[in-house]
Amino acid sequence: MIRPATPTDAPVVLELMYTAIGDIAHAFTGTNNKEQSLIALRPLFEQTGNRISYENIFVEEREDQVIGFVLAYHGSQIASLDAPLIERVRQRGQDPSAIIPEAREDEYYLDSLAVDAAYQGQGIGTVLIHAFEQQAQQLGHHKVMLIVDKENPKARKLYERLGYTEDGQITVNGHEFYRMIKIV
């Protein structure tokens, strides 16, 4: 069952999120390891008005257990959603330049998605992508976008099978990604 995330989903969703974004979480939090990043991400997740907030997340739940999530928002919101992350990194005396807009102003952006390893290969990721696309349509957004790591051809194949096409490239925290778009 797909449902909106709640603040109490933080521990599970943040673990899954870290599997999806890895050291990009360090750039968002001004930390340098997983444990510190998860600690720093939790209050952001539990609050509203930022990129990591529960309000931007849907979860897949089975038997009262969160097994996957999708984080999405519109590109026109990026500046305001990133402001709290940028401020946090600056307060830590670090350079926030790694926190960049990943989507354009006219794109509904799938920021991150992950499925618990025990449930992978069952189509849950595809279900979450469809939920993301439906949400975009319901909000009146017809151009959706995601990025896929250049070193993850399996994921790229999935997105292409779902109708996404390459629309350039982007570098995020030293990682190279393909931009993939679709009109819904």
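Glu63 is found in the loop between strands E2 and E3; helices (H or I, at least four residues) and strands (E, at least two) are DSSP runs, numbered from the N terminus. This is a predicted model, in which local features need pLDDT of at least 70 and side-chain atom pairs count only at pLDDT 80 or more, while totals for chains, interfaces and linings use all residues. Residues are numbered from 1 along each chain as its sequence is written, and side-chain values use heavy atoms, with hydrogens and water left out.

**The sheet**

- Seven strands make up an open sheet with mixed pairing: 7 strands in the order E1-E2-E3-E4-E5-E7-E6, where two strands pair if DSSP finds at least two bridges between them.
- At the edges of this sheet lie strand E1 (2–4) and strand E6 (165–172), each of which pairs on one side only.
- On average, neighbouring strands of the sheet are turned by 30° against each other, with direction ignored; axes are lines fitted to C-alpha atoms, for helices over the stretch in contact, and angles run from 0 to 180 degrees between N-to-C directions.
- Helix H1 (residues 10–21) packs on the sheet, where it touches E2, E3 and E4, and its direction makes about 65° with that of E3.

**Strand E3 and its partners**

- Of the 10 residues of strand E3 (residues 65–74), 9 are buried, so the strand is largely enclosed by the rest of the structure; buried means under 20% relative accessible area, exposed over 50%, and partly exposed in between (1.4 Å probe, protein chains only).
- Strand E2 (residues 57–62) pairs with E3 in the antiparallel sense over 6 bridges, and Val59 has Phe69 of E3 as its bridge partner.
- Strand E4 (residues 108–115) also runs antiparallel to E3, joined to it by 7 bridges; here Leu113 in E4 is the bridge partner of Val70.

- Most residues other than glycine have a negative phi.
- Glu63 is exposed, with a relative accessible area of 80%.
- Asn173, found in the loop between E6 and E7, has a positive phi of about 50° although it is not a glycine.
- Asn173 counts as partly exposed at 30% relative accessibility.

**Glu60, a buried acidic residue**

- Glu60 lies in strand E2 and counts as buried at 4% relative accessibility.
- The side chain of Glu60 reaches the backbone nitrogen of Met1 at 3.1 Å, a polar contact (a pair of N or O atoms within 3.5 Å; within protein, one must be able to donate a hydrogen and the other to accept it, and residues adjacent in sequence count only if both atoms are side-chain atoms).
- Beyond its neighbours within four places in sequence, Glu60 is in contact with residues including Met1, Ile2, Gln65, Ile67, Ile124 and Leu128, contact meaning heavy atoms within 4.5 Å.

**Rings and charge**

- Rings of Phe, Tyr and Trp (its six-membered ring) pair if their centres lie within 6.5 Å; planes under 30 degrees apart count as stacked, over 60 as edge-to-face and the rest as tilted. By this rule the count comes to 3 aromatic pairs.
- Tyr73 and Tyr109 form an edge-to-face pair, because their ring centres are 5.7 Å apart and their planes stand at 75°.
- Since Tyr73 lies in strand E3 and Tyr109 in strand E4, the pair ties together parts that are 36 residues apart in sequence.
- Tyr73 is buried at a relative accessible area of 2%, and Tyr109 is buried at 0%.
- Tyr108 and Phe132 are stacked, with ring centres 5.5 Å apart and planes at 15°.
- Tyr108 belongs to strand E4 and Phe132 to helix H5 (residues 124–138), so this pair ties together parts that are 24 residues apart in sequence.
- Tyr108 is buried at a relative accessible area of 3%, and Phe132 is buried at 1%.
- The charged end of Arg156 sits over the ring of Tyr178, 4.3 Å from its centre; a charge sits over a ring if NZ of Lys or CZ of Arg is within 6 Å of the ring centre and within 35 degrees of the ring normal.
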